[in-house]
Amino acid sequence: MKLIDKYLILLLFKNIFIVTLILLILFSLFNLSAELNDIDQRGYSFISALNYVALMIPKVLSEINSITILIGSVLTLDRLVSFNEAVILYTGSVSPKKIITRILQFTFLFSLIFFIFNEINYKIVRVLVTFI
């Protein structure tokens, strides 16, 4: 079961990472397009807009983390089913309940990691705001 757990957590991590990266790029492009309207007004340049978008990345990550975990876990289950890996696990005497339980446990672990990231992020932002 340890080998199956390692495979599931690696597959889940890859899917969550890919979904996070895609959504982060998408939201960053939306933020950049919103900032393009303000360029050339009062010394606001394209570099300033890029800096603003780069500084907004932690906020965007904290907003999209729950949906990325959900989409990543659904994609993990989809991959198991579409490549017949779930059937192979079933014939290897691993019940569907065990597979889903493991994926839910790992999803909870990733949710906890994102929660801790958000808390650290907000504490750092509070400290930085006091210096500004």
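A pocket here is an open set of points on a 1 Å grid over the protein atoms alone, where a 1.4 Å probe fits, with protein on both sides within 12 Å along at least five of seven lines, and lining residues have an atom within 4 Å of a point. The volume is the space filled by probe spheres set on the points, which are joined across faces, edges and corners.

The model is predicted, with local features needing pLDDT of at least 70 and side-chain atom pairs counting only at pLDDT 80 or more, while totals for chains, interfaces and linings use all residues. Residues are numbered from 1 along each chain as its sequence is written, and side-chain values use heavy atoms, with hydrogens and water left out.

Select Phe13, Ile16, Phe17, Thr20, Leu21, Leu24, Phe110, Ile113, Phe114 and Phe117 to display the lining of the second largest pocket. Helix H1 (2-35) and H5 are the elements that give two or more residues to this lining, and H1 gives the most, with six residues; helices are DSSP runs (H or I, at least four residues), numbered from the N terminus. By class, the lining divides into nine nonpolar residues, one polar and no charged.

Stay on Phe13 and Phe17, which both lie in helix H1, four residues apart, about one turn of the helix. Their rings form a stacked aromatic pair, 6.4 Å centre to centre with 20° between the planes, where pairing requires centres within 6.5 Å and planes under 30 degrees apart count as stacked, over 60 as edge-to-face and the rest as tilted.

Next, select Asp5 and Arg102, which form a salt bridge whose closest N and O atoms are 3.3 Å apart; the term requires a side-chain nitrogen of Lys or Arg within 4 Å of a carboxyl oxygen of Asp or Glu. Because Asp5 lies in helix H1 and Arg102 in helix H5, the pair ties together parts that are 97 residues apart in sequence.

Finally, move to the largest pocket, with a volume of about 340 Å³, and select its lining: Tyr52, Leu55, Met56, Pro58, Lys59, Ser62, Glu63, Asn121, Tyr122, Ile124, Val125 and Leu128.

Definitions and conventions. Ala, Val, Leu, Ile, Met, Phe, Trp, Tyr, Cys and Pro count as nonpolar, Asp, Glu, Lys and Arg as charged, and the others, Gly among them, as polar. Rings of Phe, Tyr and Trp (its six-membered ring) pair if their centres lie within 6.5 Å; planes under 30 degrees apart count as stacked, over 60 as edge-to-face and the rest as tilted.
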